[in-house]
Amino acid sequence: MNKVIASNEERMKKTTASLRDDFAAVRTGRASASLFDKIRVDYYGEKTPLAQVANVSVPEARLIVIQPWDRAMISEIEKAIRSSELSFNPSNDGKVIRIAVPPLTEERRKDIAKHAKAMTEQSRVAIRNIRRDGNDELKKLLKDGDLTEDEEARAAEELQKLTDFYIKEINRTLEEKEKEIMEV
């Protein structure tokens, strides 16, 4: 029974952490190196994370500077950034790539917030599916005679408490991200 609870809690933690990682790549009004965490660059035929081929820094609030370790990679990095969903227009001087982060319009902020809500809903559904899987495991243990009905009921109640906790955690994460997105 405790194994079932522990494994499902671990899955819920991973779902919550995954949402936070996804939110790190969601663009807000200010420059952040984490925006480029999901960008992959064609590095000699291999799709490689941008951070492994260049140094990404944020010297000013609305400027991102990317310095490739190999100057031959500048065009590949620019191509990867342009084809991403970030809507940035990089420029280079042959040594570094500069990206000016324009302030977001109110309409674009609302679109991004809507996208964040959709991501959050997917995480909520994942948490509920984990709870369902846990309940199914508990019912199987009950059927096999490994649990009494009281133990199964207590475990199901504990699983519900975990579900409520992680859904609150996900909602809190969304509130923080919406606040960040909507601030000017």
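Me: How does Asp93 count by relative accessibility?

Reply: Buried means under 20% relative accessible area, exposed means over 50%, and partly exposed lies in between (1.4 Å probe, protein chains only). Asp93 has 46% relative accessibility and therefore counts as partly exposed. This is a predicted model, in which local features need pLDDT of at least 70 and side-chain atom pairs count only at pLDDT 80 or more, while totals for chains, interfaces and linings use all residues. Residues are numbered from 1 along each chain as its sequence is written, and side-chain values use heavy atoms, with hydrogens and water left out.

Me: Where is Asp93 placed, and which partners does its side chain reach?

Reply: Helices (H or I, at least four residues) and strands (E, at least two) are DSSP runs numbered from the N terminus. Asp93 belongs to the loop between β5 and β6 (97–100). A polar contact is a pair of N or O atoms within 3.5 Å; within protein, one must be able to donate a hydrogen and the other to accept it, and residues adjacent in sequence count only if both atoms are side-chain atoms. The Asp93 side chain reaches the backbone nitrogen of Lys95 at 2.9 Å and makes a polar contact with the side chain of Arg98 at 3.1 Å. Between the C-alpha atoms of Asp93 and Arg82, eleven residues apart along the chain, the separation is 17 Å.

Me: What does the side chain of Asn92 reach?

Reply: Asn92 is part of strand β5 (residues 91–92), and its relative accessible area of 37% makes this residue partly exposed. Its side chain makes a polar contact with the side chain of Glu78 (3.0 Å) and reaches the backbone nitrogen of Gly94 at 2.9 Å. Contact, in turn, means heavy atoms within 4.5 Å. With neighbours within four places in sequence left aside, Asn92 is in contact with Ile74, Glu78 and Ile97.

Me: Which residues does Ile81 touch?

Reply: Ile81 sits in helix α2 (residues 74–83) and is buried, at a relative accessible area of 0%. Residues up to four places away in sequence are not counted; Ile81 then touches Phe36, Ile39, Ile66, Phe88, Pro90 and Ile99.

Me: How many residues make up the largest nonpolar core?

Reply: In soluble globular proteins, nonpolar side chains tend to be buried together. A nonpolar core is a set of buried Ala, Val, Leu, Ile, Met, Phe, Trp, Tyr and Cys residues joined through side-chain atoms within 4.5 Å. Here the largest has 22 residues, and Met12, Phe23, Val26, Ile127, Leu138 and Leu162 have the most contacts inside it. At least two residues of this core come from each of α1 (2–24), α3 (106–143) and α4 (149–182), and α4 gives the most, with eight residues. Another core lies apart from it, with 20 residues that include Val53, Ala54, Ile64 and Phe88.

Me: How are α1 and α4 arranged?

Reply: Two packed helices are described by the angle between their axes and the distance between the axes. Axes are lines fitted to C-alpha atoms, for helices over the stretch in contact, and angles run from 0 to 180 degrees between N-to-C directions. The axes of α1 and α4 come within 10 Å and cross at roughly 10 degrees.

Me: What is the phi of Tyr44?

Reply: Most residues other than glycine have a negative phi. Tyr44 has a positive phi, near 50 degrees. Tyr44 lies in the loop between β1 and β2 (46–49) and is exposed, at 63% relative accessible area.
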